[in-house]
Amino acid sequence: MSSFGFGTLTVALFALVCCSGSDEKAFEVHMRLEKLITSLNKILLLEQTQWKHYLISNISHDTVLWCHFTCSGKQKSMSSNVSVYQPPRQVFLTLQPTWVAVGKSFTIECRVPAVEPLDSLTLSLLRGSETLHSQTFRKAAPALQEATATFSSMAHREDGHHNFSCLAVLDLMSRGGEVFCTHSAPKMLEIYEPVPDSQMVIIVTVVSVLLFLFVTSVLLCFIFSQHWRQRQMGTYGVRAAWRRLPQAFRP
């Protein structure tokens, strides 16, 4: 028999005993963990003549629960395999860089913190509905782990029209559980066309010529304005001197 726990594990366990004709005093039940690493919290919820119903909590890792009972003087036992799981609650997606030229490489990274068991987890990196990369994981230490999957690709023009995302799937069907799926928030790439070297030379040349023409026009405007100003000032000086001459010296 097996069961699953999540977060603060809560497991309801029945201790069923076939003790035909026995009375309640002949039936005794004792429960313990296979390895006494953590304390076992149990609460008796219900009981009748031939069974007791316990609520078990405070189990943080995979373990085996043993139920030892005495029925009419005979000692027997039964066990229950308990698997602890943590579904992927958060999935983070990173695109590096987010602005990339066509033909250049970029990296997609998917990160899922605090998930177990890792050997039941699959991370799929998606472009729209297309799967670019999938990764499964091996059995890890009995603790909450962080799972990371990365994939490098070459940028194409159409990449700028698709969302990139990550799908985390924790499949516990083979263990008697269910399937948990969590998506990351979608992200997009900024794609641009690289400028060829020959085109860059033309652009630099044109910009340089335009800049030269602009500077030349400014200098010419300045020179012509100064020349015009000097001419105007010269004319005004002759007229002023003519007015200052005595009447007798004027023709």
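Let's start with an open sheet of three strands, in the order 8-10-13, with antiparallel pairing. Strands here are DSSP runs of E with at least two residues, while helices are runs of H or I with at least four, and both are numbered from the N terminus. Two strands count as paired if DSSP finds at least two bridges between them. Strands of a sheet pair through backbone hydrogen bonds, either parallel or antiparallel. The edges of our sheet are strand 8 and strand 13, each of which pairs on one side only. From one strand to the next, the twist averages 15 degrees; for such angles, axes are lines fitted to C-alpha atoms, and the angles run from 0 to 180 degrees between N-to-C directions.

Before going on, a word about what you're looking at: this is a predicted model, where local features need pLDDT of at least 70, side-chain atom pairs count only at pLDDT 80 or more, and totals for chains, interfaces and linings use all residues. Residues are numbered from 1 along each chain as its sequence is written, and side-chain values use heavy atoms, with hydrogens and water left out.

Back to the strands. Strand 10 and strand 13 run antiparallel and are joined by nine bridges. If you find V115, its bridge partner in strand 13 is Q145. Elsewhere, strand 11 and strand 14 pair in the antiparallel sense over seven bridges, with T122 partnered by V169 in strand 14. Strand 14 is also joined to strand 15 (residues 179–183), by five antiparallel bridges, and there A168 stands opposite T182. Six of the eight residues of strand 14 are buried, so this strand is largely enclosed by the rest of the structure. Buried means under 20% relative accessible area, exposed means over 50%, and partly exposed is in between (1.4 Å probe, protein chains only).

Now for the inside. A nonpolar core is a set of buried Ala, Val, Leu, Ile, Met, Phe, Trp, Tyr and Cys residues joined through side-chain atoms within 4.5 Å. The largest one here has 25 residues, and L121 and L123 have the most contacts inside it. Strands 8 (92–96), 10 (105–115), 11 (121–127), 13 (145–154) and 14 (164–171) each supply at least two of its residues, and strand 10 gives the most, with five. Setting aside residues up to four places away in sequence, L121 touches V115, Q135, T136, F137, A147, A168, V169 and L170, where a contact means heavy atoms within 4.5 Å. Another core, of six residues, lies apart from the largest one and includes Y54, I56, I59 and V84.

What about aromatic rings? Rings of Phe, Tyr and Trp (its six-membered ring) pair if their centres lie within 6.5 Å; planes under 30 degrees apart count as stacked, over 60 as edge-to-face and the rest as tilted. By this rule there are three aromatic pairs. The rings of W99 and Y192 have centres 4.2 Å apart and planes at 25 degrees, so this pair is stacked. W99 lies in strand 9 (residues 99–101) and Y192 in strand 16 (residues 190–192), so the pair ties together parts that are 93 residues apart in sequence. W99 is exposed, at 55% relative accessible area, whereas Y192 is partly exposed, at 32%.

Finally, zoom out. The chain has one helix and 16 strands, and 29% of its 251 residues count as buried.
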